Amino acid sequence: MEIAIITAFVIGYLAIAFEHSIKVNKTASAVVTGVVCWTLFILASPEDEVFREFVVAELGEHLNQIAQILFFLLGAMTIVELIDAHHGFQYITSRIRTRNPRVLLWIVCWVAFFLSAVLDNLTTTIVMVSLIRKLVSGREMRLVFAGLIVIAANAGGAWTPIGDVTTTMLWIGGQISTAGIMMTLFLPSVVCLLAPLVYLSFTLEPALGELPRAAQPENAQSVRGGKLMLVLGIGGLVSVPVFKTLTHLPPFLGMLLALGVVWIVAESLHSELDDARRRHLSVAGALARIDTSSVLFFLGILLAVAVLESTLVLANLAELLTRTIGDNRIIITLIGLLSAVVDNIPLVAASMGMYSLETYPRDHMIWEYLAYCAGTGGSILIIGSAAGVTAMGMEKIHFFWYARKIGGLALLGYLAGAVTYLIIEPLLFS
């Protein structure tokens, strides 16, 4: 049964990777893969009622977690689309005067890095990719910027407990503390972004092209309430971690609350407009414009990976690594590389189940290094992280284009940050 599921997953993964060669949309491949894997799981023992109940219960548990991510994603995308409809981002882009691509790349990436630390890498990617659409007209150049935003968002999310789902899992599980993770991972995360940025500073093309018309600052006043929607929208996104901290409720509820508030304000601002114009500036119009296929793609991928977790394939892989390799530093480095192919959430969950807090107490090297590797290793392939999947959907980035143009840079940053951590960790706790 496990072999059949793994085979179906690999075939589905290859179909996603070769989307343009086989002329099948990656979303369709992902959704079919997720459903087929679960079907194979339950058909392993179709007449065993207890087993069927177990599979259904596992599916329900995973779907609960996946639905929270998807609702979070939908809420964030809708808020960003509303800001964009009101030309809110033009109040930011109009203040960025440089047309030097190297300077602009540094500004965009460091904004993404620190924004991801206080929000999360998914929301940050949505905001920053929307931003570069207003600044970079050439598609090839814009894709390079989007790829570096993925690296920056994942690196920035790795050094705070709320910046990435995996660090949040470790934080809630008691494996890391807020002060510990921020103190030890900040420098490695900076190096993870700095290495590809320095390289591109010498190799990036010297021109951005014409400024897109939508980014011209004179259009910023053409929609009423643009600045208000920018402040309210970004404020709503920033408030989500605060909401989670204060209420201990799932983050998607905070995102839906922010969306609801922005929705009410948007309706109030344009109540006097005709239906067609008001719809364009409302949540109904925003929902019609967001890329829902990327949401379904995310659903299919997470469903497929969830089967690998429920069948203990990932846990068995972790145990195999322990038996054959032994050195935890090498194992965790490989887990980070594996997270470029397989979602880092089940990988971290499997690792948390494999190592005990009794053996490895809070803020032990194994937990901190796991947070770094799982958080940043996903940048190596476009489908290796939520940030990458989101950028892939928003900018229609081809799998092999990213692997060829950005994957090597992400690997360079990942290894540079890993070496930095392994050097400074003994010094911090000696």
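Start by selecting Leu 148: leaving out residues up to four places away in sequence, it touches Leu 105, Cys 109, Pro 196, Leu 197, Leu 200, Ile 406 and Leu 409 (contact means heavy atoms within 4.5 Å). A quick note before moving on: this is a predicted model, where local features need pLDDT of at least 70, side-chain atom pairs count only at pLDDT 80 or more, and totals for chains, interfaces and linings use all residues. Residues are numbered from 1 along each chain as its sequence is written, and side-chain values use heavy atoms, with hydrogens and water left out.

Along with Leu 148, Trp 367 has the most contacts inside the largest nonpolar core, which has 134 residues (a set of buried Ala, Val, Leu, Ile, Met, Phe, Trp, Tyr and Cys residues joined through side-chain atoms within 4.5 Å). Helix α4, residues 49-85, gives the largest share of this core, 12 residues (helices are DSSP runs of H or I, at least four residues, numbered from the N terminus).

Next stop: Gly 180, in helix α10, residues 178-203. Is Gly 180 buried or exposed? Gly 180 is buried, with a relative accessible area of 8% (buried is under 20%, exposed over 50%, partly exposed in between, with a 1.4 Å probe and protein chains only). Beyond its neighbours within four places in sequence, Gly 180 is in contact with Asp 363 and Glu 368. Select Thr 160 too: Gly 180 and Thr 160 are 9.4 Å apart in space, C-alpha to C-alpha, and 20 residues apart in sequence.

Finish at Leu 14, in helix α1. Leu 14 is partly exposed, with a relative accessible area of 41%.

Conventions
Helix = DSSP H or I, 4+ residues; strand = E, 2+ residues; numbered from the N terminus.
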